[in-house]
Amino acid sequence: MSINLINTLAQPLKSAAKFVNHNEQASGLSTSRFIQDTSTCLLPKATFARSKADLAENAFLELSESGLVYFAPMLVGKAAKDIFTHSLSKENKKLVTESATKLMEQNTAISKKVLPVKAAIALSALLIPLTEFTLNYIKNIMTLKVFKKGDFNNIANLENKHEDLQTQNKVKNNAHKNIKKAAGIFGLSTILAAILSARGASKSKALQHVSEAILAPGTKFFKNNEKAKNFFNKYCSIDYAAENGKLVLSKGQLTSCVVIGGAGYFGAAKDRGKQNFLETLFRYPVVGFYVITGSELFEKCFKKFLKKAGKCKETIGKNLEVPSFNELQTLAQNLAKKNSTSVEQEFKRLAKQKVLISGIPYIFSIGVMGFFVSGISNLFTKYRFTKEQANGKK
């Protein structure tokens, strides 16, 4: 195993290699990824926390959002699969994890029976972004109850003025109203899911069209435009992705979390004052874009840069694929025979390349998207508030 060769490396390369190897092996382990990503996002915000209330809010949001992303999809997907596939045969149940576009291309009696059930399961995923939508309103209620604060200027320690009861009631009432609204929308989606599951396999063309639009909107509406088709299938489908036969969060579901969750961010921020809304307006589009595509784009551009510069030739493939640490041992053995060198020597060289490829994007994520965005958004909020106060006194 590659872990034995990792132990032959000298520090600090040994520690870095173990860290990257652990992250690779943890890709399907929710707990490990939850701890890693939560600490990555929460640490910068905790560092720049402006008050106890601000710290509590950030801790609540980061923990709950990470929990949604890393635990909810598999739990909700499994429950929905158990509920909606009861009418399918054992063999057809396996097709639920097949690609929707593949099933649509087959256009058989079996695929037409499976697609509505698959769409019903996909609709269950709306629970995740709708819960994300409510989290900011729940946060507002929590801050009101625990810290007795509804004015963002007090929460962000921009000033310390008396809390207005009318403002607090507005924050509380709007929070309750939007939480109920999200529950109502999920209720309607559950009804639609039940209809698709029960009646979708019939000769109803309308339900078949609805199922296809839910699962593969690109294929459904942009058949003759390859770029548009791939884009909408990737970012607008709420279908689950499949990993080792299990349903997991897809790129489209992640996008729905950012978009629908963003509506909650902006709505809850607006209730608490102008500065909260402007701070969210500055920070959320940057972070949201990075969550959906930024990390992927940065990693791809970084690998292209290394490849063009003639670096990491053995570890960056033709299609920018990078071998795992478990695959590096075999590669090191082959290179050792070819170059008449030791396996340890080749593995050390490959490990350096692997750590570089994985480490720089990770550092960028923490440094730029973590500390820089958190710090600069807080700084701009204070600057805007101070400038407004100065202009008001003139």
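**Rings, cysteines and backbone**

Biologist: Let's begin with phenylalanine 222: what is its relative accessible area?

Modeller: Phenylalanine 222 has a relative accessible area of 29% and so counts as partly exposed, the class between buried (under 20%) and exposed (over 50%), with a 1.4 Å probe and the protein chains only. Please keep in mind that this is a predicted model, in which local features need pLDDT of at least 70 and side-chain atom pairs count only at pLDDT 80 or more, while totals for chains, interfaces and linings use all residues. Residues are numbered from 1 along each chain as its sequence is written, and side-chain values use heavy atoms, with hydrogens and water left out.

Biologist: Got it. Which ring does phenylalanine 222 pair with, and how do the two sit?

Modeller: Its partner is phenylalanine 232, in a stacked aromatic pair with 4.7 Å from centre to centre and 15° between the planes. Rings of Phe, Tyr and Trp (its six-membered ring) pair if their centres lie within 6.5 Å, and planes under 30 degrees apart count as stacked, over 60 as edge-to-face and the rest as tilted.

Biologist: Why would phenylalanine 133 and tyrosine 137 be separated by about one helical turn?

Modeller: They are 4 residues apart in helix α9, and therefore about one helical turn lies between them.

Biologist: Buried or exposed, those two?

Modeller: Phenylalanine 133 and tyrosine 137 are both buried.

Biologist: While we're in that helix, what about threonine 131?

Modeller: Threonine 131 is also placed in helix α9, and with a relative accessible area of 25% it is partly exposed. A polar atom of its side chain lies 2.5 Å from the backbone oxygen of leucine 127.

Biologist: Switching topic: how many disulfides does the count give?

Modeller: The count is 0 disulfides, where a disulfide is a pair of cysteine sulfur atoms within 2.5 Å. Cysteine 257, for instance, is in none, and the nearest cysteine sulfur, which belongs to cysteine 236, is 14 Å away. Cysteine 301 is likewise in no disulfide, with the sulfur of cysteine 312 as the nearest cysteine sulfur at 16 Å.

Biologist: Is cysteine 257 buried or exposed?

Modeller: Cysteine 257 is buried, because its relative accessible area is 6%.

Biologist: You mentioned cysteine 312; where does that one lie?

Modeller: Cysteine 312 lies in the loop between α16 and α17 (325-339), and a relative accessible area of 8% makes it buried. Its backbone deserves a look too, as phi of cysteine 312 is near 55°, a positive value in a residue other than glycine.

Biologist: Why point that out?

Modeller: Because most residues other than glycine have a negative phi, and most peptide bonds are trans.

Biologist: What is phi at asparagine 107, then?

Modeller: Phi of asparagine 107 is near 50°, again positive in a residue other than glycine, and asparagine 107 is found in the loop between α7 and α8.

Biologist: Last one: which peptide bond is cis, and where is its proline?

Modeller: The bond from glutamine 11 to proline 12 is cis, with omega near 0°, and proline 12 has its place in the loop between α1 (2-6) and α2 (13-25).

Note on methods: Helix = DSSP H or I, 4+ residues; strand = E, 2+ residues; numbered from the N terminus. Polar contact = N/O pair within 3.5 Å; in protein donor to acceptor, adjacent residues only side chain to side chain.
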